[in-house]
Amino acid sequence: CWKAVIYASKRGFDRAFPRLLAMLATALVKEGKIKRSIEVGNVCVLLTQRIIDDREMYSFSKFPVLSGVICQLHPYRSVVDPLLVCYKDLKMAGRAQPAIGAALNYVYSFLASGSELNPIYESRLSCMEEYCRKGDRKANELLMQLFRQISLNLRKEDCADPTAFTGPAFDEEKDLRGIPDQMYSYVSFDVCILRLFLAVLFWDEALMAEMLDKLQVMPSCFNDVSTARTHVRLTYIALAAFGLKRKEYGKLGEKCLDYFVRLAKLGSVDSLPVKLFVLALKKPKKTAFEQAIDACNEAKLLQLEALAKERYAVFLRDNGCSKSNAFMEVAYWSYLEWGAMAKVKKMRRAHPFLAKSNKAKANSITLSGSNDDKKSSSTGGPPKFGTSIISFDDYDHVDISINNRRSSISKQRSVTNPS
């Protein structure tokens with residue numbers, strides 16, 4: 001790639017040059033040269049503004065950088081909408097393979113960012129599923145069904161077993177029966193990742209152990225093509241490994257923790273909260289949980305903040321602290337804000353006092369201050385980027401900011417308890 005860049009610099013650039021830089025940045029990621037890959041990726045994304053009139057080449061060059069390079073340090077929330085734009089552009093251009101790649105990275109970035117669960121997100125997944133079906137891409141169609149089912153499992157109160165895929169969008173036993181072995185391996189990997197995701201959120205220790213055992217023997221690497229999928233996978237493997245406190249998962253948990261420690265040192269916004277939360281489960285202490293909760297709040301990782309508050313409440317209860325119920329209330333309202341109604345329902349059943357909870361009163365004891373005026377805490381806070389990473393607001397003219405605005409449903413949740 002370097003030779004091609006040097007050759008192009010001598011002979012002149014054309015519209016394909018940003019794509020060449022995207023390939024170089026992706027190659028640098030695989031070599032572990034994160035800072036260099038970010039630098040090249042920034043140049044690539046800026047140059048795509050010169051060809052914004054050519055939507056096909058614009059998105060074809062930009063999406064690999066968004067999905068595999070920039071989000072190593074930049075918040076996943078910032079790439080969700082741009083990836084959706086890339087998917088739409090590539091779909092309109094008839095570029096099926098990169099369009100589906102952008103769609104898959106959009107979903108995992110959505111999950112990693114803790115964006116609010118909502119019906120509009122699910123309708124987008126339905127459209128992506130239909131696109132895969134029309135293109136005769138069965139494996140990707142199954143993945144879109146899986147992604148829609150996990151959202152339904154979390155969002156629907158009437159879900160009988162939110163940790164199992166037995167719903168209307170995806171039935172694991174039925175939909176995976178009889179498919180070719182290669183397709184089964186491809187889909188079952190994501191099934192295990194997302195079932196572990198649900199197992200940790202609902203703290204089903206038996207299922208957590210089952211999914212860890214399966215994932216340990218599956219061929220996987222830490223430099224996945226999708227950085228967002230790697231982030232989600234390693235986050236919940238680490239949380240489960242240390243949450244279970246079983247010796248056989250210790251090495252696996254440490255390997256995942258090392259990944260986030262390395263990225264956090266380089267200034268990764270979303271890796272710091274994960275690192276601190278994993279450390280709090282590894283060596284539970286009040287200060288460790290407080291730092292993790294504050295870091296999740298600063299990074300606006302709502303799902304991790306809710307889970308960290310819940311585990312902190314359990315820690316306080318196990319140590320005889322009278323404030324455990326108060327922190328369980330705070331966790332309850334965070335899950336409600338995220339849109340995980342199945343989790344909210346389970347918490348009300350397990351803790352009847354939550355039915356009479358008041359959000360304003362519950363938040364009065366929270367550790368985490370406002371995201372708008374909170375200064376960097378003892379955790380170091382999110383890094384100030386300067387020139388190392390470019391804000392997407394500076395160069396992306398397309399704004400589909402549903403993930404950055406609170407819906408009217410969310411506003412209603414903030415004042416009413418759906419008991």
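## Q72 and its surroundings

Leaving aside its neighbours within four places in sequence, Q72 is in contact (heavy atoms within 4.5 Å) with V29, I34, S37, I38, T227, L263 and S268. Q72 is found in the loop between α4 and α5 (77-92), where helices (H or I, at least four residues) are DSSP runs numbered from the N terminus. At 6% relative accessibility Q72 counts as buried, a term that means under 20% relative accessible area, with exposed being over 50% and partly exposed in between, for a 1.4 Å probe and protein chains only. The side chain of Q72 also reaches the backbone oxygen of V69 at 3.0 Å.

## About the model

This is a predicted model, in which local features need pLDDT of at least 70 and side-chain atom pairs count only at pLDDT 80 or more, while totals for chains, interfaces and linings use all residues. Residues are numbered from 1 along each chain as its sequence is written, and side-chain values use heavy atoms, with hydrogens and water left out.

## Helices α2 and α3

Helix α2 (residues 17-30) packs with α3 at an angle of about 160°, and their axes are 8 Å apart; such axes are lines fitted to C-alpha atoms, for helices over the stretch in contact, and the angles run from 0 to 180 degrees between N-to-C directions. The two helices, α2 and α3, are therefore roughly antiparallel to each other, since angles over 145 degrees count as roughly antiparallel, those under 35 as roughly parallel, 65 to 115 as roughly perpendicular and the rest as oblique.

On the side of α2, the residues that meet α3 are F17, P18, L21, A22, L24, A25, L28 and V29, and their partners in α3 are R36, S37, V40, G41, V43, C44, L47 and T48. The residues of this contact of α2 with α3 divide into 12 nonpolar, 3 polar and 1 charged, where Ala, Val, Leu, Ile, Met, Phe, Trp, Tyr, Cys and Pro count as nonpolar, Asp, Glu, Lys and Arg as charged, and the others, Gly among them, as polar.

S61 lies in helix α4 (residues 55-68) and is buried, with a relative accessible area of 0%.

I51 has its place in the loop between α3 (34-48) and α4, and at 5% relative accessibility I51 counts as buried. Once neighbours within four places in sequence are left aside, I51 is in contact with R15, P18, M57 and Y58. I51 and R15 are 36 residues apart along the chain, and their C-alpha atoms are separated by 6.6 Å.

## Helices α6 and α10

Helix α6 (residues 96-113) and helix α10 (residues 181-201) pack at an angle of about 15°, with their axes 13 Å apart, which makes α6 roughly parallel to α10. Their contact is made by L104, Y108 and L111 of α6 together with Y186, D190, I193 and L194 of α10, and the residues involved divide into 6 nonpolar, no polar and 1 charged.

Key: A polar contact is a pair of N or O atoms within 3.5 Å; within protein, one must be able to donate a hydrogen and the other to accept it, and residues adjacent in sequence count only if both atoms are side-chain atoms.
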